[in-house]
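Reader: Could you take me through the salt bridges and side-chain contacts of this model, with the criteria stated as they come up?

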Amino acid sequence: AEARALLESQAAAWNRGDLDAFCAVYAEDALFATAFGLTKGRAEVLARYRTRYPDADARGTLSFEVLSVDVLAPVAPKRADAIAVVARWKIELREKPPAQGLTVLNLVRGGAGWRIVHDASM
């Protein structure tokens, strides 16, 4: 449920054009891998998104469909401190076919809540 809520809040931030909030869940030293290369660090991920999606027409409307959530590091019963999320993302664009693909996210829970440490999106 927490993973779904995190992705819903990310989609809401994206859809209102708040890329700072969208990237706030990335760890400071996050790694973001795509077919185009590797981006290191939250600031660089944010800069990449700002360049690639400079306005509402480029951003479109984002949605996620969570396909699986797996516990990577159980610490106590019913508590996970690391999870892997596989989701389908879709960006609806005006006058163009939607962009869509898959993402694999590794998230770690810390004092500030869940943070994305690895994002492999294709």
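Reader: How many salt bridges does the structure hold?
Author: This is a predicted model, in which local features need pLDDT of at least 70 and side-chain atom pairs count only at pLDDT 80 or more, whereas totals for chains, interfaces and linings use all residues. Residues are numbered from 1 along each chain as its sequence is written, and side-chain values use heavy atoms, with hydrogens and water left out. A salt bridge is taken as a side-chain nitrogen of Lys or Arg within 4 Å of a carboxyl oxygen of Asp or Glu. On that criterion, the number of salt bridges in the structure is eight.

Reader: Which residue forms a salt bridge with Arg94?
Author: Arg94 lies in the loop between β6 (82–92) and β7 (99–110), and its partner, 37 residues apart from it, sits in helix α4 (residues 56–59); helices (H or I, at least four residues) and strands (E, at least two) are DSSP runs, numbered from the N terminus. The side chains meet at 3.1 Å, N to O, and the partner is Asp57.

Reader: What is the N to O distance in the salt bridge of Arg88 and Glu65?
Author: Arg88 lies in strand β6 and Glu65 in strand β3 (residues 61–71), so the pair ties together parts that are 23 residues apart in sequence. Arg88 is partly exposed, with a relative accessible area of 37%, and Glu65 is partly exposed as well, at 42%. Their side chains meet with an N to O distance of 3.7 Å.

Reader: Which residue has its backbone nitrogen 2.6 Å from a polar atom of the side chain of Asn15?
Author: Asn15 is found in helix α1 (residues 2–15) and is partly exposed, with a relative accessible area of 37%. Not counting residues up to four places away in sequence, Asn15 touches Gly60, Thr61 and Leu62, a contact being heavy atoms within 4.5 Å. The backbone nitrogen in question belongs to Leu62.

How values were computed. Buried means under 20% relative accessible area, exposed over 50%, partly exposed in between (1.4 Å probe, protein chains only). A polar contact is a pair of N or O atoms within 3.5 Å; within protein, one must be able to donate a hydrogen and the other to accept it, and residues adjacent in sequence count only if both atoms are side-chain atoms.
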